[in-house]
Amino acid sequence: MSAAVSYERVRERLDALKLNAALAALDRVLEAGEKEERLSVEILDELLGTELDARFERRVHTNLQLSGLPATKTLEDFDFDAQPDVPRDTMRELATLRFLHQGENVLLLGPCGVGKTHLASALSLEAVKRGHRVYFLTLHDLVTKARAARERNRLENFARTLIRPELLVLDEIGYLPLERDDATFLFEITNKRYQQGRSIILTSNKSFGQWGDIFPDPVLATALLDRLLHHATTINIRGESYRLRHRRRAGLPSATT
Ligand code: ADP
Ligand code: MG
């Protein structure tokens with residue numbers, strides 16, 4: 001068979017197999033291979049690598065869109081000097097995502113404005129960039145969506161959406177008290193993820209001791225905390241709001257008004 005026929009066939013077959021990135025790179029990879037006198041196995045390796053890289057990139061892009069991540073805050077943007085309660089080493093360790101592979105949780109506690117959501121987003125972004133599926137939502141969103149799903153008899157579906165991703169982020173627990181149905185649902189999700197060894201990142205403006213006030217039933221609060229804390233890193237941020245501090249540094253009133 002002539003080389004020209006083979007070339008045509010390779011194009012057709014890459015197309016039929018939907019190896020679109022490999023097809024697009026075929027000429028470049030072949031030409032470079034010839035020029036540099038590479039082995040055919042090296043040429044194949046590069047061609048397949050191009051396809052896999054493109055697929056990974058597409059997956060990251062899709063996962064980012066589906067993640068619900070509010071903003072693309074990163075750990076590089078985080079000013080650790082301004083927030084000594086956030087240990088740099090711990091964050092660096094968390095950014096390796098070992099916690100995710102071990103199904104451990106990350107609990108970020110502290111008052112408003114101290115960087116909890118920023119840190120939760122930064123870790124989530126890290127996970128997305130490395131190909132993991134992440135679902136980020138506030139507890140308020142979870143309650144609203146659970147209620148809508150319950151009305152349409154689709155609570156099971158919504159539960160699966162919360163259980164399946166490698167990482168679930170529950171932002172802002174404690175801003176509103178939970179009703180029994182919602183608290184039970186939250187417990188079920190947490191319990192399933194716990195059983196399946198899947199991580200949760202959670203932020204709260206309430207200390208664990210105050211969780212009894214958020215839940216309709218202290219037994220439920222205890223059971224939930226029990227699952228969450230079994231394998232967890234807790235970061236307690238006591239400092240003041242980052243923005244307020246900056247306002248004061250700039251000589252502006254500290255805006256309690
Ligand atoms: P929280 O979730 O604790 O209420 P956020 O994470 O929303 O606080 O932080 C409020 C704002 O301040 C965000 O824009 C965040 O990026 C910024 N911020 C907070 N802490 C820091 C910090 N240490 N370095 C840089 N930006 C910060
Ligand atoms: Mg927040």
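So, the second largest pocket: about 210 Å³ of space lies in it. By pocket I mean, on a 1 Å grid over the protein atoms alone, an open set of points where a 1.4 Å probe fits, with protein on both sides within 12 Å along at least five of seven lines; lining residues have an atom within 4 Å of a point. Volume is the space filled by probe spheres set on those points, with points joined across faces, edges and corners.

Before I go on, this is a predicted model, where local features need pLDDT of at least 70 and side-chain atom pairs need 80 or more, while totals for chains, interfaces and linings use all residues. Numbering runs from 1 along each chain as its sequence is written, chains are lettered from A and ligands numbered from 1 in the order in which they are written, and side-chain values use heavy atoms, without hydrogens and water.

Back to that pocket. Its lining includes Asn63, Leu66, Arg133, Tyr135 and Arg164. At least two lining residues each come from helix H3 (40–67), strand E2 (134–138) and helix H8 (155–163). Those labels are DSSP runs numbered from the N terminus, helices being H or I with at least four residues and strands E with at least two.

Now, the largest pocket. About 440 Å³ of space lies there. It has 19 lining residues, and Gly113, Val114, Gly115, His118 and Arg243 lie nearest its centre. Which helix gives the most to this lining? That's H6, with three residues. By class, the lining has five nonpolar, seven polar and seven charged residues. Here Ala, Val, Leu, Ile, Met, Phe, Trp, Tyr, Cys and Pro count as nonpolar, Asp, Glu, Lys and Arg as charged, and the others, Gly among them, as polar.

On to domains. The assignment, which is automatic or from a database, gives domain 1 (3–66) and domain 2 (68–249). Taken over C-alpha atoms, their centres are 40 Å apart. Seven residues of domain 1 are in contact with 11 of domain 2, contact meaning heavy atoms within 4.5 Å.

One pairs Arg238 with Asp85, at 3.5 Å, N to O. Arg238 sits in the loop between strand E5 (232–236) and H12, and Asp85 in the loop between H3 and helix H4 (88–95), so this pair links parts of the chain 153 residues apart.

Terms used. Salt bridge = Lys/Arg side-chain N within 4 Å of Asp/Glu carboxyl O.
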